[in-house]
Amino acid sequence: MSTPTYKMEVKDLKLWYGDFQALHGLDLAIPDKKITAFIGPSGCGKSTFIKSLNRMNDLIETCRIEGTIELDGKNIYDHKTDVNQLRKKVGMVFQQPNPFPKSIYDNIAYGPRTHGIKNKKELDEIVERSLKQAAIWDEVKDYLDRNALSISGGQQQRICIARALAVGPEVLLMDEPTSALDPISTAKIEELVSDLKSEYTIVMVTHNMQQASRVSDETAFFLNGHIIEHGDTRKIFTNPDQEETENYISGRFG
Amino acid sequence: MKNSKEMIMKGIFFLSACFSIVALLLIVVFIFANGVPFMLDYGFFKFIFGMEWTPTNSPASYGIFPMIIGSIYVTLGAAVVGVPIGVMTAIFMADFCPPFLYKILKPAVNLMAAIPSIVYGFFALQVFTPLIRQYFGGNGYSVLTASILLGIMILPTVISLSESALRAVPRTYYTGSIALGATHERSIFRVLLPAAKSGIISSIILGIGRAIGETMAVVLIAGNQAIIPDSLLSGVRTLTTNIVIEMAYATGEHRDALIATAVVLFGFILLINSIFLYFKNKEAKY
Amino acid sequence: MSAKVIRGFVYLSAAITFGMLGYVIFFILINGVRFLTPDLFAWNSTSENVSMMPAIITTLYVVGGTLLITTPIGVFTGFYLVEYANRKNPIVKAVSMATDTLAAVPSIVYGLFGFLFFVTFLSFRLSLIAGILTSVIMSLPLIIRATEEALVSTGRPIREASYALGAGKLRTIFTVVLPVAMPGILSGVILATGRVIGETAALLYTLGSASNIPGDLFSSGRTLALHMFVLSNEGFHVDQAYATAVVLLLFVLILNGLSTLVSARLSKGGK
């Protein structure tokens with residue numbers, strides 16, 4: 001068995017919102033070009049945790065963090081880190097599809113333009129490639145100037161994935177990306193995520209246990225701000241070490 | 001490089017935000033620095049409660065009590081005229097108005113708020129003064145004329161704010177009452193109206209603030225005599241009109257007396273504004 | 001009271017309100033339109049023709065100058081309050097309080113202040129610049145409030161999306177938030193325009209009432225509303241005052257139409 005290479009390593013991460021401690025010293029290694037799923041009941045800290053991987057928690061005024069998160073061996077919470085460059089490398093897809101009220105083209109081109117690409121031909125290529133990667137090119141290629149809010153929710157979410165891919169990230173964070181979608185759209189996105197794994201490291205929060213077992217390589221089970229158990233997905237779902245994990249996946253609470 | 005741009009713009013935004021604080025401070029300083037020393041020199045009580053305003057006599061008297069009473073009279077008059085009609089119209093807008101009509105009437109209320117006060121004043125001068133002269137007597141320039149005019153001018157304020165207060169009451173209150181067999185009218189007056197009370201009161205206070213601060217419309221139709229009016233048909237001078245009438249030629253002590261009048265007006269406005277904020281904050285969060 | 005009586009009062013009040021509005025508008029139009037002679041739009045105003053053309057031009061100057069200054073300051077203040085400052089920040093509280101108070105200050109107090117500060121203390125004399133700067137302070141709260149509300153209502157998700165793509169704060173504000181907030185800000189600008197067009201008390205002792213077009217920033221002039229005040233106060237030119245009122249109403253009607261259009265777009269954009 002080859003030793004896995006880790007893209008990100010979290011060491012003793014503690015996080016507070018004001019006086020409330022949401023995360024209690026988490027340690028986790030996220031393997032490169034694999035899919036890691038976070039599961040656990042509502043309020044267990046999995047969404048908070050995923051948001052600290054690209055420092056989206058910086059936007060919350062009362063949020064305070066201790067510990068380190070390394071991306072390729074460099075601490076992202078170091079004061080020298082350029083947050084915008086970090087977020088270029090670590091992209092994110094949200095629970096609710098949140099396209100900008102602009103055209104589909106401008107949505108995808110927004111990120112590359114942000115990072116200084118102005119050449120029209122180059123932008124065209126990026127837009128096409130990203131939409132293809134997100135498996136939505138065929139559906140929208142004739143309507144690129146249409147407002148992104150005018151298409152269906154499932155399509156919007158794939159536009160958001162394409163938009164995240166367009167800046168060329170290495171890691172893709174997905175915070176319950178299908179919980180607001182219908183089953184058919186969900187299936188499309190699961191399929192898409194499995195395809196993307198060859199090029200990207202993917203971290204996914206999900207409420208849907210079947211989704212985690214279908215899609216992910218590794219799974220971490222969160223409870224009350226702790227990681228109770230983390231390991232190979234098949235093992236977690238068939239033969240977990242911890243009783244709480246067993247209880248949760250068998251639906252006895254949460 | 002990119003970071004410094006962010007910092008510079010943040011600084012510009014911050015300075016812009018400070019602008020309104022600086023503007024307010026300047027206003028307060030310039031009005032008070034000129035007005036308060038005069039009040040103290042002349043005698044605070046003599047100024048506020050003095051019955052004589054004869055700035056051109058020698059020695060001059062600067063008593064603004066008639067103007068304080070004048071402002072209070074016309075403002076109360078405006079409330080008597082404008083509040084019932086305004087609140088009832090708001091009820092009409094919120095609960096009786098068919099949608100197709102609402103599409104026309106809502107912009108009409110906004111239009112009513114946008115008509116310049118000088119146009120209202122001119123209209124009152126041409127229409128109300130002769131009517132009042134003819135049917136009630138006097139020369140038409142009176143407390144009554146000013147009250148009716150200001151009553152109309154505060155309508156849009158009272159209507160829009162009361163309407164949104166009524167609309168903010170959860171529909172379940174209304175359906176709950178209807179379900180008990182109450183009529184549409186009873187449900188509105190016994191359930192919705194009390195629930196929207198704070199919002200309606202704050203709309204009235206804001207309207208009163210408008211009325212007490214109005215100048216140019218009033219100056220055309222109030223007669224402007226600096227004595228306490230003894231009837232609804234007597235002429236009246238308010239704090240605001242006192243300033244605008246005499247500012248053109250006032251100098252020295254006289255000018256300071258007018259600025260001191262503005263200090264008193266400012267005091268009234270601050271008082272009304274804090275009452276308004278009190279009720280606005282009280283406005284129930286359902 | 002029976003339901004019928006109550007209903008009667010409600011309908012009667014609405015009839016009085018809108019009847020009065022209709023009366024004001026039609027009274028002015030019917031009495032004014034016939035006096036709208038070409039003379040009234042002569043380029044130069046004399047005591048014989050009482051032309052309102054200079055007043056129309058001056059109104060445009062004052063409105064334009066005011067918006068040019070007040071819009072960026074107001075919008076930037078909104079940016080600072082909503083996008084940068086912590087809600088508990090004492091500066092935010094102070095700005096909010098100042099804005100509320102400025103919104104409540106009567107026009108005549110602005111006029112007096114403008115006279116004491118711009119006209120006298122800064123020696124601008126009765127002038128375009130003194131009138132504009134006074135109008136700037138007066139209209140500022142309208143723009144700030146409108147911007148604040150518009151920014152808050154754009155919501156968190158599009159901001160998050162932009163930050164997550166590695167965009168900085170400025171880029172997020174200007175390319176993502178601002179376009180969405182634009183109709184709301186625009187309706188604040190229209191409101192401010194209306195306030196300046198209709199203003200008299202604040203301008204009488206700052207802009208003055210000279211009857212010709214101000215030649216430079218330091219000359220006096222009169223806006224349409226001031227022109228109308230002078231005419232109706234003197235009482236010699238009642239017909240022309242009616243005609244001026246018609247033009248003034250026309251301005252207001254156009255602005256109101258604009259703002260209705262904008263708010264229609266606003267509610268459509270929300271869906």
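Analyst: For residues 56-259 of chain C, UniProt lists "domain: ABC transmembrane type-1" in an unreviewed entry; UniProt positions follow the numbering used here, feature names are shortened, and annotations may be inferred rather than shown by experiment. This is a predicted model, in which local features need pLDDT of at least 70 and side-chain atom pairs count only at pLDDT 80 or more, while totals for chains, interfaces and linings use all residues. Residues are numbered from 1 along each chain as its sequence is written, chains are lettered from A and ligands numbered from 1 in the order in which they are written, and side-chain values use heavy atoms, with hydrogens and water left out.

User: How far apart are the end C-alpha atoms of residues 53-82 of chain C?

Analyst: The unreviewed UniProt entry annotates residues 53-82 of chain C as "transmembrane region", along with other spans including 241-262. Residues 241-262 of chain C are 100% helix, with end C-alpha atoms 31 Å apart. Residues 53-82 of chain C are likewise 100% helix and 0% strand, and their end C-alpha atoms are separated by 42 Å.

User: What area is buried between chain C and chain B?

Analyst: The contact (heavy atoms within 4.5 Å) takes 73 residues from chain C and 74 residues from chain B. Buried area is the accessible area (1.4 Å probe) that two parts lose on being put together, summed over both. Carbon and sulfur atoms give 84% of the area buried between chain C and chain B, which is about 6,700 Å².

User: Which helix of chain C gives the most residues to the side that touches chain B?

Analyst: Across this interface the rule finds 10 residue pairs in polar contact, both residues at pLDDT 80 or more; a polar contact is a pair of N or O atoms within 3.5 Å, where within protein one must be able to donate a hydrogen and the other to accept it, and residues adjacent in sequence count only if both atoms are side-chain atoms. On the side of chain C that touches chain B, the greatest contribution, 18 residues, comes from helix α1 (residues 3-32).

User: Which residues form the salt bridge between chain C and chain B?

Analyst: A salt bridge is a side-chain nitrogen of Lys or Arg within 4 Å of a carboxyl oxygen of Asp or Glu. The count between chain C and chain B is 1 salt bridge. With the closest N and O atoms 2.7 Å apart, the partners are Glu185(B) and Arg7(C).

User: Why does the salt bridge of Arg145(C) and Asp100(C) tie together parts that are apart in sequence?

Analyst: In the salt bridge of Arg145(C) with Asp100(C), the closest N and O atoms are 2.7 Å apart. Arg145(C) lies in helix α5 (residues 128-153) of chain C and Asp100(C) in helix α3 (residues 90-104) of chain C, so the pair ties together parts whose separation in sequence is 45 residues.

User: Is Glu163(B) buried or exposed?

Analyst: Buried means under 20% relative accessible area, exposed over 50%, and partly exposed in between (1.4 Å probe, protein chains only). Glu163(B) meets Arg167(B) in a salt bridge (2.8 Å, N to O), and the two are 4 residues apart in helix α6 (residues 143-168) of chain B, separated by about one helical turn. Arg167(B) is partly exposed at 44%, whereas Glu163(B), with a relative accessible area of 2%, is buried.

User: How many residues of helix α6 (residues 157-164) of chain C are buried?

Analyst: The buried residues of α6(C) include Arg159(C), Glu160(C) and Tyr163(C), and the helix is followed by Gly166(C), whose phi is positive, near 90°. Helix α6 of chain C is mostly covered, the number of buried residues among its 8 being 7.
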